[in-house]
Amino acid sequence: MLKLLSEYKNGNYTVKIYNDGTKIRETEDDAFNAEFPENIDIKITNMCNNNCTFCFESSTPFGKHGILNHPFIDSLKPYTELAIGGGNPLEHPDLEEFLLKLKSKNIIANITIRQNDFITNYELLKHYSDNKLIYGIGISLIDPNDEFI
């Protein structure tokens, strides 16, 4: 059943976000004029042990982690959607603490990972999802086979 997660005003329009990821924007004007971003992509680490030859992020097993307690995070409005990526964001040692902070601020966290990391970390990702620490999971497919899908 479709459930409204949040409704807020951003500039001259109203935003509604539902539990299935649907986002509806409405305005009576001819244009949507935002006062703040609705969604942000954030790379929290450049570390990744997958060693992909095609990595467009230039991530490596020796990549550095970002600082997650940056004051920028405190400037985010409630219900901003944050797409967390890397490297492999699951390798950041402060990820869960970061997700807990985002949840306390009503930030909608999503995460993007590789297919093999999804399989390997399924229980952890399920824990994050069940506890509303993440809402969406983007998966970079490397072997889109029927069994996985």
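Analyst: Contact means heavy atoms within 4.5 Å. The model is predicted, so local features need pLDDT of at least 70, side-chain atom pairs count only at pLDDT 80 or more, and totals for chains, interfaces and linings use all residues. Residues are numbered from 1 along each chain as its sequence is written, and side-chain values use heavy atoms, with hydrogens and water left out.

User: Which residues is Asn 46 in contact with, leaving aside neighbours within four places in sequence?

Analyst: Asn 46 is in contact with Glu 57, Ser 58, Ser 59, Thr 60, Gly 63, Lys 64 and Gly 87. With Ser 59 there is also a side-chain to side-chain polar contact at 2.9 Å. A polar contact is a pair of N or O atoms within 3.5 Å; within protein, one must be able to donate a hydrogen and the other to accept it, and residues adjacent in sequence count only if both atoms are side-chain atoms.

User: Where is Asn 46 placed, and why does it count as partly exposed?

Analyst: Asn 46 lies in the loop between β4 and α1 (71–74). Helices (H or I, at least four residues) and strands (E, at least two) are DSSP runs, numbered from the N terminus. Asn 46 counts as partly exposed because its relative accessibility is 23%; buried means under 20% relative accessible area, exposed over 50%, and partly exposed in between (1.4 Å probe, protein chains only).

User: Turning to the sheet, what is the strand order?

Analyst: The open sheet has four strands in the order β4-β5-β6-β7, with parallel pairing. Its edge strands, β4 (39–43) and β7 (136–140), each pair on one side only. Two strands pair if DSSP finds at least two bridges between them.

User: How many bridges join β6 to β7?

Analyst: Five bridges join β6 (residues 108–114) to β7, and Asn 110 has Gly 136 in β7 as its bridge partner.

User: And what does α2 touch on the sheet?

Analyst: Helix α2 (residues 95–104) packs on the sheet and touches β5 (81–85) and β6.

User: Which residues have the most contacts inside the largest nonpolar core?

Analyst: They are Leu 82, Ile 84, Leu 99 and Leu 102, in a core of 22 residues. Such a core is a set of buried Ala, Val, Leu, Ile, Met, Phe, Trp, Tyr and Cys residues joined through side-chain atoms within 4.5 Å. Helix α2 gives the largest share, four residues.

How values were computed. Axes are lines fitted to C-alpha atoms, for helices over the stretch in contact, and angles run from 0 to 180 degrees between N-to-C directions.
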